[in-house]
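Subject: Structure handover

Hi,

Here is the structure we spoke about. Please have it open while you read the notes.

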Amino acid sequence: MTPQGHANLPSRLTNLGGMLCTRFQRSGELSDLTDAITLHQKGVKLTPRGHADLPAMLNNLGVSFTCRFERTGELSDIADAIAAHQKAVELTPQGHADLPGQLNNLGNSFSCRFERTGELSDVADAIEVQQKSVELTPLDHADLPGRLNNLGNSFTRRFERTGELSDIADAITVQQKGVELTPQGHADLPGRLNNLGVSFTRRFERTDELSDIANAISVHQKAVELSPQGDANFPGRLNNLGWSFACRFGRTGGLSDIAEAISVQRKAMELTPQGHPNVPGYLNNLGNSFTRRFERTGELSDIADAITVQQKGVELTPQGHADLPRRLSNLGLSFTRRFERTGGLSDIAEAISVQRKAVDLTPQGHADLPGRFSKLGLSFTCRFERTGGLSDIAEAISVQRKAMELTPQGHPNVPGYLNNLGGSLTCRFARTGELSDIAEAIAVRQEAVELTPQGHANLPVQLNNLGGSFTCRFERTGELSDIANAIGVRQKAVELTPQGHAHLPAYLTNLGSSCYRRYSSSGKLEHLEEAISFFKTASISSVGSLRVRLEAAQHWAGKSIQYDPSSPGIIAAFDKVLSLVAVIAGLEKTVQGRYTQLEETSGLALEAAAVACALERPDKALEWLEQGRCLVWNPLNNLRTPLDDLRMKDEILAQEIANVSQKLESAGSSRVQSHVDMSLSEKMSLEVEARAHSDLAKEWDDLLRRARAIRGFECFLMPSPSSAIMLHLPESGPIIVINVNKSRCDALALLAGLDEPLHIPLPNFSIDKATKYRKIFDDQLRARKLRAREDLSVYRALRGLWEEVVKPVLDALGFSVPPRVWWCPTGPLSFLPLHSAGIYRGSIRENVSDYVVSSYTPTVTALTNRVKNPHTIHSHASGLFLTSQPNTPSAPPIPGTTKEVQCIFKRAEESRVRASKLEGDEMSVAACLERMQEYSSIHLACHGSQNAAEPLKSRFLFHRGALELGTILKSSLKNADLAFLSACQTSTGEEKLSDEAVHLAAGMLAAGYRRVIGTMWSIGDTAAQKVATTFYDYLFSHRDETSGSSFDGSLSAVALHDATRQLRLSLKDSEDALLTWIPFVHFGL
């Protein structure tokens, strides 16, 4: 122990600090470094001014502060390091042997602070003192290689900021010399090789010279091989090696490179302790590699992983850090890439938000500023293509021009910037028709192609895009040379793109489009045949964007009809269309997400069914209508499929399917959509949820594959063929599917005992008539009791539906005894009351209810699944729960609901039916959910509110809150039977997606109820009360005497038929009377 005051104590403290610092460099243990700094500070404090050892002690203290800054990122440490080093240099006389080393260390500290803050004066100071250090170091000095290496690092850092090529050339020169002078086996050789590799990579990014990236990978690999086990710098070397592989992949497209990049970058992350300041950079680079692989393969899990790790990298990067803009910009690009694939508007909004921030944080003159402008412009263009906002495309062109202005000639990014600018100009031309835009677009895209070297991975996309601009100009001018050029460059793009590339389907689709444009001009069938061939090849691809492949399949189908309307190939084309629509609305999406996606595919099933009817294939028409409609709810039905048969074959697999289905249902109905105003941590949490949801969907697909490998389960949960659908029809009456399309209208009658649907053409009906009748009802409902012209009256609409739709169907079926009929309308017919079609004026009056008891079903499968899987209600749950909510806040009072519920409840008690009621403030949302579990049937006399854009937010309004459909769906209603929704507009769909049945009645069917009473429009208080009480009177009076206290809703359709008939008889047949009883409808069994 050295006593206090001993002359050697300061030097011994310093030596001990040095040993701890060395141990830290091997182990990465932060406590060693903290102790080292404490010892160095104590040694400096105890050393008198003028002492010969003081400069060396200050130098050692500065080195320790720099080491801790590199580990923690704490700016006060690097400030203290620079102060200590500057003082050491000041106290060291000229010519002293230690001066070069102290200058070198001062330069390192300046360079480290520059990396953190981006302040150019710091890196200039670093280079100045490090050059002086090298000049003062003898050629044979052992430290010369290290000082050359450090000087090279500073040159590289300044190059990254300014883009000055002479800096990166100087960096490589001095670093190569440093490596040459370092003896084999030297502990610092791996680090110097690593730094040389970084400089080669940076020059490659600037010049695109393949020899540079080859050299970078070579020296990085050697650096990794020479690193000893446990070296704290090993993760950084892996990270840099990975980025070099990723860069070469970006140039050559070799998949093995990007796989290797991700592998070593992941290993770097695994070896780096939490809290290390390099973690954000490693996350950013790993995310970039995931994004690059996604661009090549289209694997959605890659882009999800990219966003997750890049968000984490941004979160861990301190405000003011020089690398924050780069990380934000890269994160924005990943969001843009995902938007291009999935179309989620929240992604492109987030991309623009973070890229704007990146641009704002980037100082003028920064070498990366042009790239950030270009990426921001690309995002604006993507949003313009989706939303059409002209301000977006103007902004895109503005920032992309800035990118070009700031980029020096010969820069390897110039072709990409030109390509992006050309894309924005082409988009604006397509919107405005300004010929100067398309001329400039072609010019800059031609230049981009000319500047891109042969074999470059980006050449196909640039050729494809140039073809797009030529095609756009041809559409405007008809200049044949343009379409010939378009086809020429697009063919070359396809030829240069390897099989399995995610972009190949898009290139094929675009080439097909250009060929079709040529056919439109030439009329030559061989040009049409070429187009069809390219569309078909794109659509049947197993890789690439689903939306692109769907577009290709639609073209394949449409152009095939044009080529030969009787071609059997049309069936294959529409099979592909409908299968892709179903995949797009897959289980990895939320219910709201499916709804949003389907806005772009609405009507495809109806178009396909019309073609099938024209080809005399009613079986295909039925299959396609079932496959392509109600895709918001159908996946939920699949998740609730009974597994009894599968359990008999493989109980473990059946249970796995049951478990995953429950998790998927919860994820699909509960996940929140991200928006730009959320905090970063909230967005990151949602990304994690989305990834977990996606993983569940993949697990579900794997489980289905396993189930389908079992004999007898080959078609498990696959879309049912017509023959299978026809097996489980209700015995009590037919299902009538009515397809309404602009080309034709047809009915498909499904009757038990038949092998295929009965096709009934409806030549006198049309989509225009359906739209006209819909408008009549809308207008009359808005102007109740006002007189209307005869041809625009409700009478006219109901008569038209009778004469043009319903009567032809009933005549074809030849009914003699009034049976049940289930109507399954499509398109605008979904909003019209088929159950009340008829003639209500004149001497000869007749209507649907004279012949049949009407019900509705959203799809055939929704009904046949209920027939196929008989529902047994547990005796303890059989009963009726009622509630009235007459004075809901922010809604008009409906006092009649109180009397309605009390009357029904009294009648139930008299009939000894198990019943319960809660009125007004007595009931909370939670209490209602409890009663829905406890009672098989419910009667909700309250206001209903539909949210078509977010179906799960449609709700029933109570005094003490609102019960959302999403909440009901998450409940396990195993005994659900009848739901009477005595509320307004509970079966009104959404006009944009008429075939999705996004209304409360369909939602209650999806929740498990077997039959639902709803309303097509607002109902009067008195009429609602009368229909409800008459309805229950019928059910109570027709109970089986042996039923005890149970309640059975199986006669609900007949009961509603009777109740509305009685209301109608009491009101006569005025227009206002018709509008009073017509809205009550029955869904389900």
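Below is what turned up, from the whole chain down to single residues.

**Overall**

This is a predicted model. The chain has 1085 residues, and 56% of them count as buried. There are 44 helices and 16 strands. Along the principal axes, the C-alpha atoms fill a box of roughly 120 × 80 × 60 Å. Take the contacts between residues at least 6 apart in sequence: 70% of these join residues at least 24 apart.

**Helix 15 and helix 16**

Two packed helices are described by the angle between their axes and the distance between the axes. For helix 15 (residues 324-342) and helix 16 (residues 345-361), the angle is about 160° and the axes are 8 Å apart. Angles over 145 degrees count as roughly antiparallel, so this pair is roughly antiparallel. The crossing of helix 15 and helix 16 is left-handed. On the helix 15 side, the contact residues include Leu-324, Leu-328, Leu-331, Phe-335 and Phe-339. On the helix 16 side, they include Leu-345, Ile-348, Ala-351, Val-354 and Leu-361. By class, the contact has 13 nonpolar, five polar and four charged residues.

An α-helix has 3.6 residues a turn, so residues three or four places apart point the same way.

**Loop residues**

Most residues other than glycine have a negative phi. Two loop residues have a positive one.

- Ser-890 has phi near 65°. It sits in the loop between strand 8 (880-884) and helix 38 (896-910). Ser-890 is exposed, with a relative accessible area of 86%.
- Arg-912 has phi of about 60°. It is in the loop between helix 38 and strand 9 (915-919). Arg-912 is exposed too, with a relative accessible area of 65%.

Met-718 is in the loop between helix 33 (680-708) and helix 34 (722-725). Its relative accessible area is 38%, so Met-718 is partly exposed. Met-718 and Ser-982 are 264 residues apart along the chain, and their C-alpha atoms are separated by 36 Å.

Best wishes

Notes. Residues numbered from 1 in each chain as written. Predicted model: local features only at pLDDT ≥ 70, side-chain atom pairs only at ≥ 80, totals over all residues. Heavy atoms only, no water. Axes fitted to C-alpha atoms, helices over the stretch in contact; angles between N-to-C directions. Helix = DSSP H or I, 4+ residues; strand = E, 2+ residues; numbered from the N terminus. Parallel < 35°, antiparallel > 145°, perpendicular 65-115°, else oblique. Left-handed = near helix turned anticlockwise from the far one by under 90°. Contact = heavy atoms within 4.5 Å. Nonpolar A, V, L, I, M, F, W, Y, C, P; charged D, E, K, R; others polar. Buried < 20%, exposed > 50% of the residue type's maximum accessible area, 1.4 Å probe, protein only.
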